[in-house]
Amino acid sequence: MRLEIERRATRSSLYAALSPFIALALTVVAGGIMFAALGKDPFSALYSFFIAPLTSAWSLNQLAIKSAPLILIAVGLSVCFSSRNWNIGAEGQFIAGALMGSILPVMAPDWTSPLLLPIILVLGMVGGALYAAIPAILKAEFNANEILSSLMLVYVAQLFLDWTVRGPWRDPQGFNFPQTIQFSDSATLPPIYAGGAAHWGFVFALVAAVVTWFMLRRTLKGFEIRVLGESSRAGRFAGFSSRRMVYFSFLFSGALAGLAGICEVSGAINQLQPVISPGYGFTAIIVAFLGRLNPLSIVVAGLVLGLTYLGGEAAQITIGLSEKVARVFQGFLLFFVLGCDTLILYRIRLVSSRRASGEEAAQ
Amino acid sequence: MASSSSTGDAALLSTEGLTKSFGSFKACDGIDLSIAGGEIHALLGENGAGKSTLVKMLFGVLEPSAGAIRWRGDPVAIRSPAAARRTGIGMVFQHFSLFEALTVAENIALSLDDAVPIERIAKEAARLSREYGLPLDPNAHVADLSVGERQRIEIVRTLLQKPELIILDEPTSVLTPQEADRLFETLEQLRGEGRAILYISHRLEEVRRICDRATVLRHGKVTGACDPRRETVGSLAGMMVGGEVEGIADSGLSPGEAVLVETRALSVPAQTPFSISLEDVTLAVRSGEILAIAGVAGNGQSELFDVLSGETLVADAAAVRIDGRDAGRLSISARRLLGAGFVPEERNGHGAVGSLALSQNVMLSRHASDSRAYLAGGPVRMLKEGSVRETARRIVAAMDVRKSGEDPQASSLSGGNLQKFIVGRELDRKPRVLVVNQPTWGVDAGAAARIRQALIERAREGAAVLVISQDLDEIFEIATRIAVISGGRLSKAEPSATMTRERIGRLMGGIQGVDEGTELADAS
């Protein structure tokens with residue numbers, strides 16, 4: 001008796017649709033086992049983790065806040081990953097965007113203008129794009145592995161942010177806390193509706209998803225991205241340049257990560273702190289793959305992963321577990337998604353060796 | 001090697017109703033085959049006819065879904081290649097699995113199931129290679145060896161296992177005519193010892209020359225068994241594709257005056273450690289003619305193609321000229337806009353992307369030249385999928401591409417049908433210059449005839465056609481003039497009417513090294 005993995009003649013569209021849901025179900029089961037092992041009632045723990053956050057207007061607003069950066073970053077990454085450029089450093093580009101976008105609110109706090117907010121957002125995108133340009137140049141010009149360089153630059157950005165808020169940008173009236181001054185009202189990204197907590201970042205995320213979807217599916221640029229992702233040789237035959245695609249994909253995803261960073265700072269935190277992200281840039285990698293690099297599915301995937309952050313906070317408050325539980329859930333989810341995707345191209349068969357030898361005996 | 005225990009007429013290996021299904025698709029469907037000791041048995045069939053699947057079952061790579069394999073009359077289950085070797089079946093694969101950094105003897109040692117000291121292997125290999133006329137130095141590094149020599153390693157490594165049945169998959173596709181002749185002598189010697197050889201080939205001339213019996217497969221079923229020496233190439237091809245293959249109409253091309261594509265003293269250094277540098281390549285193709293470049297694989301053909309297509313740019317813009325314009329620095333898209341079309345050797349991942357639909361593969365080479373028809377929305381450059389699909393339909397109809405579904409993934413087409421599509425994609429543009437690398441490589445006889453006919457028609461309509469090919473039959477069938485590439489150098493093109501196979505063989509052995517070439521020719 002053995003398991004055999006057999007390639008399907010064509011990719012299964014049934015499993016392409018089902019696989020994320022199977023993965024989600026398996027994640028819930030595995031999570032339940034984990035809660036039980038920790039001595040909690042798995043059902044009530046799962047309820048407070050996944051369901052409770054969806055039951056109030058406040059927490060739905062929180063969900064929008066948490067998923068906006070995930071969606072924005074993952075949409076950018078979908079362009080990178082579709083063209084086989086492995087930008088793992090979105091977390092760093094997120095921070096770089098937040099820093100660059102904070103230049104005006106921190107250094108010229110008294111300047112107010114209706115143009116201020118747009119300028120801040122654009123600066124955030126430029127900051128993220130410039131920071132992503134470093135691994136892009138290293139890859140395109142020196143053939144350096146972008147996975148390593150983009151990942152290492154995350155730590156550089158994190159430490160640079162830490163130094164900035166403890167040093168030159170520390171709030172003089174802040175009782176020596178490592179943080180900048182609060183953003184002025186005209187530098188603050190407003191809520192989507194009056195009285196709500198969710199800022200416009202969520203709307204930007206939806207717009208970015210739709211526009212990127214259109215680009216990937218309906219334009220020559222998207223075709224170029226797909227061809228280069230499948231085969232750089234075929235891309236060269238088509239007259240597309242993989243070198244230019246390195247720049248395009250890194251700058252594009254860097255700009256969206258930077259926009260996510262400045263939206264988070266300007267819309268939610270309202271100042272710079274030593275840590276401004278609970279790992280959005282890394283979680284967005286899971287979001288991108290859970291959404292199978294399709295920007296519209298990424299919106300859904302971003303909401304699911306945003307929920308794990310909320311659930312983590314809830315787990316801490318109501319059942320007394322570390323918020324690191326959220327990371328464990330994200331790990332489960334990525335693991336099961338990648339595992340279940342095998343079903344799209346392969347079928348798993350149980351082969352009974354007894355039956356096979358029986359056939360031989362019969363002959 | 002006197003372990004031949006042929007049992008005369010009794011079959012050494014036979015199969016009864018051997019079937020392999022992948023899902024609902026039967027790659028092999030009830031195959032009855034019998035191979036006797038002391039015969040060279042040909043296995044013929046188009047691409048996708050089930051030859052590889054059958055052979056994989058015989059060699060233990062795939063498990064049959066139904067049916068039986070008998071060895072000397074007794075049913076056997078061959079569960080792995082190691083089991084196949086123990087039974088007495090050896091196989092020489094079309095694609096070699098050799099480590100370039102290791103020596104010949106070390107490579108052989110790696111393939112043996114038991115640990116044997118290297119010195120003993122080296123001695124044994126040297127002895128075998130002497131006995132069978134396969135000159136081979138066991139201490140040479142594989143990286144330094146020619147393709148023909150590498151194949152000898154595979155053959156010697158198979159012979160070491162003392163097999164009674166040897167399976168050869170397309171063995172001559174990489175050899176010069178002289179090297180192939182030498183291989184045939186070895187095969188005849190093995191036959192004389194009473195061993196059986198299962199010989200898979202596309203080359204019908206060869207099969208007629210050396211094989212005693214032939215089994216023809218089509219769509220996974222046996223459609224014919226014959227004595228190939230009593231058949232003609234046409235009748236063998238007919239069995240393979242079902243119905244007689246349409247002969248090529250006499251080319252009767254009359255070249256015009258205008259030179260549409262040329263290179264002038266083109267020299268390009270090797271781009272990677274594994275590629276060939278081009279040296280002083282000068283060629284010119286006029287309107288209405290087909291220039292064929294013969295040569296053994298790996299002598300600079302793909303490098304020359306890349307330079308002509310613009311995938312490799314050259315420093316001197318005037319070294320490559322298309323339609324009277326300096327093109328050496330122009331991108332492939334710019335060259336297409338000058339009216340050139342290109343068909344590379346490799347279908348998957350170069351000329352086409354397997355995971356994309358056929359219509360999207362039309363865009364691959366035509367998004368720039370047909371931008372007015374395929375793109376809309378100005379700078380947004382939206383794809384007009386309707387008109388792209390329309391083109392795909394036109395190509396499918398013009399080239400008789402067999403496919404399943406309206407717009408299937410390119411990877412679902414068989415090699416021959418995908419090649420027809422890729423050639424048709426360029427012909428549909430009516431290019432004034434057409435550069436094709438290995439137009440019918442690994443393509444079945446019917447598709448090959450269709451493609452060759454189409455190339456001739458294009459030349460007749462006034463295009464300059466440059467064909468790079470290893471297939472001499474094909475070259476003599478279509479070319480107006482023939483040149484030979486060897487070691488990155490190109491011989492002077494000569495009219496095909498005065499060119500002979502012997503002369504091509506000599507030129508393949510080295511453009512300058514005429515002495516060496518004569519020697520080879522004498523030996524054969």
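Arg218(B) stands opposite Lys221(B), a residue of strand 10 of chain B. The model is a predicted one, in which local features need pLDDT of at least 70 and side-chain atom pairs count only at pLDDT 80 or more, while totals for chains, interfaces and linings use all residues. Residues are numbered from 1 along each chain as its sequence is written, chains are lettered from A in the order in which they are written, and side-chain values use heavy atoms, with hydrogens and water left out.

Strand 9 of chain B and strand 10 (residues 221–226) of chain B pair in the antiparallel sense over 5 bridges, where strands are DSSP runs of E with at least two residues, numbered from the N terminus, and two of them pair if DSSP finds at least two bridges between them. These two strands of chain B form a hairpin with 2 residues between them, and in the turn His219(B) has a positive phi of about 50°. Strand 9 (residues 213–218) of chain B is also joined to strand 3 (residues 40–45) of chain B by 5 bridges, and here the two run parallel; Gly45(B) stands opposite Leu217(B) of strand 9.

Elsewhere in chain B, 4 strands form an open sheet in the order 12-11-14-15 with antiparallel pairing. Strand 12 (278–286) and strand 15 (325–326) of chain B are its edge strands, each pairing on one side only. Within this sheet, strand 11 (residues 259–268) and strand 14 (residues 320–322) of chain B are paired over 3 bridges, and Thr263(B) has Val320(B) in strand 14 as its bridge partner.

The contact between the chains (heavy atoms within 4.5 Å) takes 32 residues from chain B and 23 residues from chain A. Together the two chains bury about 2500 Å², 56% of it on carbon and sulfur atoms, the buried area being the accessible area (1.4 Å probe) that two parts lose on being put together, summed over both.

Across this interface there are 2 salt bridges, each defined as a side-chain nitrogen of Lys or Arg within 4 Å of a carboxyl oxygen of Asp or Glu. The side chains of Asp306(B) and Arg233(A) meet in a salt bridge with an N to O distance of 3.1 Å. On the side of chain B that touches chain A, strand 4 (66–71), helix 10 (332–337), helix 11 (358–366) and strand 18 (382–383) of chain B each supply at least two residues, a helix being a DSSP run of H or I with at least four residues. Helix 11 of chain B gives the most to that side, with 4 residues.
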